[in-house]
Amino acid sequence: MGDYSNGSSNSCVKIPEIKFTKLFINGEFVDSFSGKTLETIDPRNGEMIARVAEGDQKDVDLAVKAARKAFDHGLWPRMSGYERGRVMMKFSDLIEEHVEELAALDTMDAGKLFGAGKAQDIPGAARCLRYYAGAADKIHGETLKMSRSMQGYTLREPIGVVGHIIPWNFPTTMFFLKVAPSLAAGCTMVVKPSEKTPLSALYYAHLSKLAGLPEGVLNVVNGYGHTAGAAISSHMDVDKLSFTGSPEVGCLVMQAAATSNLKPVTLELGGKSPLIIFNDADIDAATDHAIQGCLYNKGEICVAGSRVLVQEGIYEEMKRKLAEKAKSWVVGDPFHPNVQQGPQVDKKQFERVLSYIKRGKEEGADLLVGGEPSGEKGYYITPTIFSDVKDGMQIAKDEIFGPVMSLMKFKTVDDAIQRANATRYGLAAGIMTKNIDIANTVSRSIRAGTIWINCYFGFDCDAPTGGYKMSGFGRESGLDGLYIYTQVKSVVTPLHNSPWL
């Protein structure tokens, strides 16, 4: 297994200066009301990167007040969609001008691969902004065919002040999946990035101001979930919530929304996604998709294909190929261009993943490869594959959020469907087969929000994503991801002496 300088980069990447560490409220960077700060840690070595302002209830109140003023009396909701789109286009241009610095911030803060950040995450954020900038002047209502002598139509109006609570695994991607469509709709917002990974969100706040976003439209409050996040969730002047995280916290967010002002909530709450590989699949392609599906972003991805179900005719060959791939997987400093897997986001997550590996051994799963920490410092874990995993084992049921694969054998199509659905989650699934009838049957039978056939991670700005069951509800991306930030209003007037209805 490869290893590159865990904890200190040998590449020629320039580590950026940390420029923004305060809260961003009403267009300005400000200290928290309490003066408190929190540490953000580099998972490559466990050392502090910087201290950032720690917001709480009073800071959230100030941010919501600014967003409310900007929505009720400000320019942003009253601009044409075309004008909002132009500002968003400028925002996306500024992101592209700072790709390297932004990618480096997410690498330092979250342990993400620097090369992937430069090639995918940061350019993807600019594309997301441009997609919704183009949609901003195409938010249409409908003309209604009334059954009485009336003229009716609908309007899609911005929903108001939105609270966005962002996870730590994709700080940039999740920021813009929420911020871009709500900006296009004409909303104002308060964003709480994860306390583990706040640095890029603050940089985006700075760029939004340079792009010409009016003050109060985008506010960023760093802080902990139980303080800042809870304050946003229960705030009486927040009109809509969007949260990505665990089912347990999602339930608390929804409860707070219900017991405050009954604000609508969009929840994306993780998964335990199956990748189902049939006997007729291209084995080499299936192996690549299985490895990438489980190990990409060190397994810290909500749609990770962590349950790999392989039909019995090719199970042994797949097991051998997967073990070979995992053993050659390069773990190390995410700034190094040859590295394929960086560190888990922090010590807590590192220890959590190792505890599940220990549990898998205790439950009797066969440890095929990996299962150990890697390197002398930092939060690195070797790619881990358990084979002959049973459905009832904890490693097959819980979202581990680490580089841990559960390899399972199935017999028939019906068996695969039943076992794929034997989970409380329903976020995504993959199907590998050359048989279109099997692909159609299985894709329609799995209760999950996204199905990828002969591919994995087939994300696109135009393709909605979201969950069934405990994976949450509501959709992000696509026009569905825009409409959740709008309200539908019916407008009806009487018709007098019309020759037709």
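Residues are numbered from 1 along each chain as its sequence is written, and side-chain values use heavy atoms, with hydrogens and water left out. Because the model is predicted, local features need pLDDT of at least 70 and side-chain atom pairs count only at pLDDT 80 or more, while totals for chains, interfaces and linings use all residues.

**View 1. Gly-245 in the loop between β11 and α8.** Here β11 covers 240–244 and α8 covers 247–259; helices (H or I, at least four residues) and strands (E, at least two) are DSSP runs, numbered from the N terminus. Gly-245 is partly exposed, with a relative accessible area of 26%, where buried means under 20%, exposed over 50% and partly exposed in between (1.4 Å probe, protein chains only). Leaving aside neighbours within four places in sequence, Gly-245 is in contact (heavy atoms within 4.5 Å) with Glu-268, Leu-269 and Gly-270. The C-alpha atoms of Gly-245 and Leu-269 are 5.1 Å apart, although 24 residues separate the two along the chain.

**View 2. An open sheet of three strands, in the order β6-β7-β24.** The pairing is antiparallel; two strands pair if DSSP finds at least two bridges between them. β6 (143–144) and β24 (486–494) stand at the edges with a single partner strand each, so one side of each has no neighbour in the sheet. Nine bridges join β7 (residues 150–158) to β24, and Thr-154 has Ser-490 in β24 as its bridge partner.

**View 3. Helix α5 crossing helix α6.** The axes of α5 (residues 171–185) and α6 (residues 199–211) come within 9 Å and cross at roughly 45°; axes are lines fitted to C-alpha atoms, for helices over the stretch in contact, and angles run from 0 to 180 degrees between N-to-C directions. That makes α5 oblique to α6, since angles under 35 degrees count as roughly parallel, over 145 as roughly antiparallel, 65 to 115 as roughly perpendicular and the rest as oblique. Look for Pro-171, Thr-172, Phe-175 and Phe-176 in α5, which meet Ser-200, Ala-201 and Tyr-204 in α6.

**View 4. Helix α9 crossing helix α10.** The axes of α9 (residues 283–295) and α10 (residues 315–328) come within 10 Å and cross at roughly 50°. The two helices α9 and α10 are therefore oblique to each other. Among the residues that meet here are Ile-283 and Asp-284 in α9, and Glu-317 and Met-318 in α10.
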